[in-house]
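Visitor: Hi! Could you walk me through this one, loops and sheets and helices?
Guide: Happy to, let's open it up.
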Amino acid sequence: MTIQPSLLGVLGGMGPMATAYFFEQLIAATPATMDQEHIPVVIWSDGRVPDRTDALLGRGPSPVPAMNEGWHALRNAGADLIAIPCNTAHAFLADLDLTPRHGFVDMIAATIEAAAALSSGRVGLFATRGTRLTGLYDRAAQEHGLDLVHVDEDDQENLIDEAIRIVKGGADPDLAERLIEEATRTLAASGCDVVLAACTEIPLASRRAAQVLPVVDSVACLADACVKAFAPGR
């Protein structure tokens with residue numbers, strides 16, 4: 001028997017703007033008509049967590065100790081369902097102090113399920129190098145019969161990595177929009193009919209890209225999955 005959760009914990013700060021965006025998406029997705037109908041949430045947002053991609057590439061320290069600190073804080077606050085609005089952080093789940101009595105919302109699974117409902121089979125991926133390296137989305141896409149297409153190395157470095165850097169640094173948002181749009185047009189030309197915004201910074205720069213191809217927002221997918229967990233059947 002599945003027990004309905006009572007308090008959502010958000011392990012955030014990876015990055016802080018993405019965490020704020022997730023909370024906005026959660027509120028927007030909740031079918032509430034008054035304050036009292038919204039999901040109770042406690043957010044742990046610590047931007048000091050070491051970079052997940054650097055850790056996966058062997059260029060920096062592991063984020064696990066800092067993530068576990070936040071995880072424990074959320075559990076101590078009473079959270080019985082936990083979400084992490086960072087795709088790359090999902091690569092470290094096996095190293096976190098998970099317990100059976102605490103539920104977890106899988107961002108990767110929620111995003112792929114949404115993509116499968118929109119795509120005829122060929123899906124493009126915008127993600128960090130760390131997420132690409134782990135193959136998290138590749139495995140999930142294969143389970144749903146989707147052909148996942150990565151951008152080439154040049155586009156990863158000059159378009160995706162650069163756009164992520166711009167968003168994280170609060171630099172020129174229009175430039176980030178143009179970079180993601182250019183990458184989207186390349187994927188469209190390769191036969192993709194949907195693009196996955198599989199880095200939590202990407203949706204913040206995808207308005208122009210969404211005019212080229214449908215963009216599946218991993219942050220919005222996570223928010224929707226959290227809402228469903230609190231209101232089964234909706």
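Visitor: Where is Gly15 found?
Guide: Gly15 sits in the loop between E1 and H1. Helices (H or I, at least four residues) and strands (E, at least two) are DSSP runs here, numbered from the N terminus.

Visitor: And how should I read the numbers?
Guide: This is a predicted model, in which local features need pLDDT of at least 70, side-chain atom pairs count only at pLDDT 80 or more, and totals for chains, interfaces and linings use all residues. Residues are numbered from 1 along each chain as its sequence is written, and side-chain values use heavy atoms, with hydrogens and water left out.

Visitor: Now sheets. In what order do the strands E1 to E4 stand?
Guide: The 4 strands run E2-E1-E3-E4 in an open sheet with parallel pairing. Two strands pair if DSSP finds at least two bridges between them.

Visitor: Which strands stand at the edges?
Guide: Those are E2 (41–45) and E4 (103–105); each has a single partner strand, so one side of each is left without a neighbour in the sheet. Neighbouring strands in this sheet are turned by 25 degrees against each other on average, direction ignored. Axes are lines fitted to C-alpha atoms, for helices over the stretch in contact, and angles run from 0 to 180 degrees between N-to-C directions.

Visitor: How many bridges pair E1 and E2?
Guide: Strand E1 (residues 8–12) pairs with E2 in the parallel sense over 5 bridges. Leu11 stands opposite Trp44 in E2.

Visitor: Which strands does H1 touch as it packs on the sheet?
Guide: Helix H1 (residues 16–29) touches E1, E2 and E3 (81–83), and its direction makes about 165 degrees with that of E2. Contact means heavy atoms within 4.5 Å.

Visitor: Nice. What about the other sheet, in what order do E5 to E8 stand?
Guide: Here 4 strands form an open sheet in the order E6-E5-E7-E8, again with parallel pairing. E6 and E8 are at the edges with a single partner strand each, so one side of each lacks a neighbour in the sheet. The twist from one strand to the next averages 30 degrees.

Visitor: How many bridges join E5 to E7?
Guide: There are 4, with E5 and E7 running parallel. Val123 has Val194 in E7 as its bridge partner. E5 also pairs with E6 in the parallel sense over 4 bridges, and Arg122 stands opposite Asp147 in E6.

Visitor: How many residues of E5 are buried?
Guide: 4 of its 5 residues are buried, so E5 is largely enclosed by the rest of the structure. Buried means under 20% relative accessible area, exposed over 50% and partly exposed in between (1.4 Å probe, protein chains only).

Visitor: Which helix lies across E5, E6 and E7?
Guide: That's H8 (residues 173–189), running at about 155 degrees to E5. Thr186 lies in H8, and counts as partly exposed because its relative accessibility is 40%.

Visitor: At what angle do the axes of H4 and H9 cross?
Guide: They cross at roughly 105 degrees, and the axes come within 8 Å. H4 and H9 are therefore roughly perpendicular to each other. Angles under 35 degrees count as roughly parallel, over 145 as roughly antiparallel, 65 to 115 as roughly perpendicular and the rest as oblique.

Visitor: Which residues make the contact?
Guide: Met107, Ala110, Thr111 and Ala114 come from H4, and Ser218, Val219, Cys221, Leu222 and Ala225 from H9.

Visitor: Last one: is Ser206 buried or exposed?
Guide: Ser206 counts as buried, because its relative accessibility is 6%. Not counting residues up to four places away in sequence, Ser206 touches Glu177, Ile180 and Val215.
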